[in-house]
Amino acid sequence: GNLEIEAQKGWVTMNGHILMPNHWHGLAREGPVPLSRVMLRVLTKCATRSNKFNGRTGHVFQGRFRSYLVDSDEKAREVLRYIHYNAVRAGLEERPGDWKWSSHDEYAGTVPERLTSTGLILSTFSPATEAARAAYLKFMSEPPPKGVRPDLIPLFNRLAGRIESESGMRPGGLRSGELGREGQKARGRFIRLAAESGAPARFIAAYLNISQSTVFWALRS
């Protein structure tokens with residue numbers, strides 16, 4: 001409700017969200033007012049109303065909100081998928097559409113838009129609305145890699161696709177369990193290039209389904 005009021009003012013455009021039992025995720029486009037100021041107003045109002053309703057005082061939220069820049073269509077799609085899969089990852093539902101406190105149904109077109117402006121990200125799938133919704137649902141049919149920061153997935157996918165092609169490996173081969181000698185060399189190359197791009201070791205390891213110690217070993221060799 002509080003964020004919807006700020007959206008109606010034009011201070012922020014919400015492109016995706018999910019409300020979980022103990023936290024909230026959002027994908028937003030800044031307006032004329034900095035996002036930090038918008039969030040300060042939203043969280044302050046929410047805390048005030050929560051304390052009044054529950055007869056409490058003091059802090060409601062733990063720490064400052066965290067945010068990072070989404071600077072490409074690919075990243076926006078991956079971040080949106082990550083957001084909509086939160087309830088599935090938490091074991092609360094089997095499918096994103098089963099959790100009613102997210103913007104998934106607005107993207108699927110099964111409920112009217114309220115808080116969310118879906119047009120921007122849907123247009124990255126197709127300029128035609130119905131085709132875009134169908135492409136979105138197909139995209140959502142496959143869950144994102146576990147434990148990988150969503151804005152890194154496009155980088156990892158591009159690197160993996162290139163290295164697998166150059167090495168004669170099948171698509172997805174770098175993430176398979178057992179690799180031969182050439183496959184291990186290809187995986188080591190992926191690890192080095194991903195690390196040089198600034199990706200943390202824990203996310204590289206999660207994407208490849210290996211341990212962080214294996215990543216560190218590859219970087220030292």
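This is a predicted model: local features need pLDDT of at least 70, side-chain atom pairs count only at pLDDT 80 or more; totals for chains, interfaces and linings use all residues.

Residues are numbered from 1 along each chain as its sequence is written, and side-chain values use heavy atoms, leaving out hydrogens and water.

Let's start with the hairpin: E1 and E2 form one, with 4 residues between them. Strands here are DSSP runs of E, at least two residues, numbered from the N terminus. E1 covers residues 12-19 and E2 residues 24-30, and they pair in the antiparallel sense over 7 bridges; pairing takes at least two DSSP bridges between the strands. Val-12 faces Glu-30 in E2, while Ile-18 has His-25 as its bridge partner. E1 is mostly covered, with 6 of its 8 residues buried (under 20% relative accessible area, 1.4 Å probe, protein chains only).

On to the rings. Phe, Tyr and Trp (its six-membered ring) pair if their centres lie within 6.5 Å, and planes over 60 degrees apart count as edge-to-face. The count comes to 7 aromatic pairs. One of them is Trp-99 with Trp-101, edge-to-face at 5.1 Å centre to centre and 65 degrees between the planes. Trp-99 is buried, at 11% relative accessible area. Elsewhere, Tyr-107, Phe-125, Tyr-136 and Phe-139 make up one aromatic cluster.

Two rings of that cluster also have an Arg over them, counted when CZ is within 6 Å of the ring centre and within 35 degrees of the ring normal:

| Charge | Ring | Distance to ring centre |
|---|---|---|
| Arg-77 | Phe-125 | 5.5 Å |
| Arg-81 | Phe-139 | 4.1 Å |

Technical notes
Rings of Phe, Tyr and Trp (its six-membered ring) pair if their centres lie within 6.5 Å; planes under 30 degrees apart count as stacked, over 60 as edge-to-face and the rest as tilted. Buried means under 20% relative accessible area, exposed over 50%, partly exposed in between (1.4 Å probe, protein chains only).
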